[in-house]
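Have the coordinates open while you read.

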Amino acid sequence: MDFLMSGLAACGACLFTNPLEVVKTRMQLQGELQAPGSYQRHYRNVFHAFITIGKVDGLAALQKGLAPALLYQFLMNGIRLGTYGLAEAKGYLHTAEGTHSPLRSAAAGALAGVLGAYLGSPIYMVKTHLQAQAASEIAVGHQYKHQGMFQALTEIGQKHGLVGLWRGAVGGLPRVIAGSSTQLCTFSSTKDLITQWEIFPPQSWKVALAAAMVSGIAVVLAMTPFDVVSTRLYNQPTDTQGKGLMYRGVLDALLQTARTEGIFGMYKGIGASYFRLGPHTILSLFFWDQLRFLYYTYTK
């Protein structure tokens, strides 16, 4: 049940935040490996991107890649939050004195995140391809011509096999390690502190909401550079063997981005990342916490 509740919580959050994921993906691909000021900026900021996509691609384009996004969230977060929940329930995240251990929480969060992200990597890659697809006048990054999730997975599998389906999986792991460990560690620690300080009544939904808001800020700061690199590794064009033509790996992508676009290139789309990650973190952790509370309340 922990796995199911975790997956459902993440899907609930995804329905609200997927348009921001579309905007984030395009802003991260805009001006890829081009010096600042040398390219046309189709998306000036988050709000301008929303208007531009809605006007040129149509309002439905703001929910591009929703099917793989929902499936990825269910798989990745079902495994990630479910595994973390089990570790918490078994008492592995507490010291011998019974206090919460931030170090154990961070380690458990990172390991659970790596497992979920690696297994869901082909879905995330296809999601990135679909969300980057745009009309030629506002297109950024490499443009794949997929018709949908199943067609894309079938085509990549037939052309490049399992290796092609898991292309970029390792490159996506630093993003998940940074995000997952920060998110779960700060959420649990903040929740404990708020409970100890008795800011809100015991078992109040406000405790989970406040903890999730703090967690969202920490995640954005830790994760954005790795998120930019991950998006680009997944979306880069490939040769006939399915090997990326622009980047050799995470370190190469980080160095190329920093060299060509400057340090701010590593934080492209940080506004969209904040508006997307913040609400997504808040909603997924809030839904997760409330579902677990309801389940354990009515099954005891």
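1. Let's start with a charge over a ring: Lys-127 sits over the face of Tyr-124, 4.4 Å from the ring centre. Keep in mind throughout that this is a predicted model. Tyr-124 itself is buried, with a relative accessible area of 3%.

2. Tyr-124 also has an aromatic partner, Tyr-234. The structure holds seven aromatic pairs. In this one, the ring centres are 5.4 Å apart and the planes stand at 45 degrees, so the pair counts as tilted. Tyr-124 belongs to helix α5 (residues 121-132) and Tyr-234 to helix α8, so the contact ties together parts that are 110 residues apart in sequence. Tyr-234 is buried as well, at 4% relative accessible area.

3. Another pair to look at is Tyr-274 with Phe-275. Their ring centres lie 5.7 Å apart with planes at 70 degrees, so this one is edge-to-face. Tyr-274 is partly exposed, with a relative accessible area of 40%, and Phe-275 is partly exposed too, at 36%. Ring pairs also bring in Phe-47, giving a cluster of Phe-47, Tyr-274 and Phe-275.

4. Phe-47, Ile-217, Leu-221, Tyr-274 and Phe-275 make up a nonpolar patch with about 530 Å² of accessible area together. The elements giving two or more residues to the patch are α8 (205-235) and α10 (270-298). Ile-217 is a residue of helix α8 and, at 45% relative accessibility, counts as partly exposed.

5. Now the charges. Side chains of opposite charge can pair when their charged atoms come close. The count here comes to 12 salt bridges. One of them joins Arg-175 and Asp-227, whose closest N and O atoms are 2.7 Å apart. This pair links distant parts of the chain, with Arg-175 in helix α7 and Asp-227 in helix α8, 52 residues apart. Both Arg-175 and Asp-227 are buried.

6. Where do Arg-232 and Glu-261 lie? Arg-232 is in helix α8 and Glu-261 in helix α9 (residues 250-261), so their pairing ties together parts 29 residues apart in sequence. The two side chains meet in a salt bridge at 2.6 Å, N to O, and both residues are buried.

7. Glu-261 has a further partner: the side chains of Lys-268 and Glu-261 meet in a salt bridge at 2.7 Å, N to O. Lys-268 counts as buried at 14% relative accessibility, and Glu-261 counts as buried at 6%. Elsewhere, salt bridges that share partners join Glu-21, Lys-24, Lys-127, Arg-175, Asp-227 and Arg-276 into one network. Lys-127 in that network is the residue that lies over the face of Tyr-124, and the Arg-175 to Asp-227 bridge is described in point 5.

8. Met-27 and Glu-261 are 234 residues apart in sequence and 13 Å apart in space, C-alpha to C-alpha. Met-27 is found in helix α1 (residues 2-29), and at 11% relative accessibility it counts as buried.

9. Is Glu-198 buried or exposed? Glu-198 is exposed, with a relative accessible area of 64%, and its place is in the loop between α7 (169-197) and α8.

Conventions:
Residues numbered from 1 in each chain as written. Predicted model: local features only at pLDDT ≥ 70, side-chain atom pairs only at ≥ 80, totals over all residues. Heavy atoms only, no water. Patch = residues over 30% accessible without salt bridge, like charges linked within 9 Å, V, L, I, M, F, W, Y side chains within 5 Å. Areas by Shrake-Rupley, 256 points an atom, 1.4 Å probe, with all protein chains shown as cover. Salt bridge = Lys/Arg side-chain N within 4 Å of Asp/Glu carboxyl O. Helix = DSSP H or I, 4+ residues; strand = E, 2+ residues; numbered from the N terminus. Buried < 20%, exposed > 50% of the residue type's maximum accessible area, 1.4 Å probe, protein only. Phe/Tyr/Trp six-rings, centres within 6.5 Å; stacked < 30°, edge-to-face > 60°. Lys NZ or Arg CZ within 6 Å of the ring centre and 35° of its normal.
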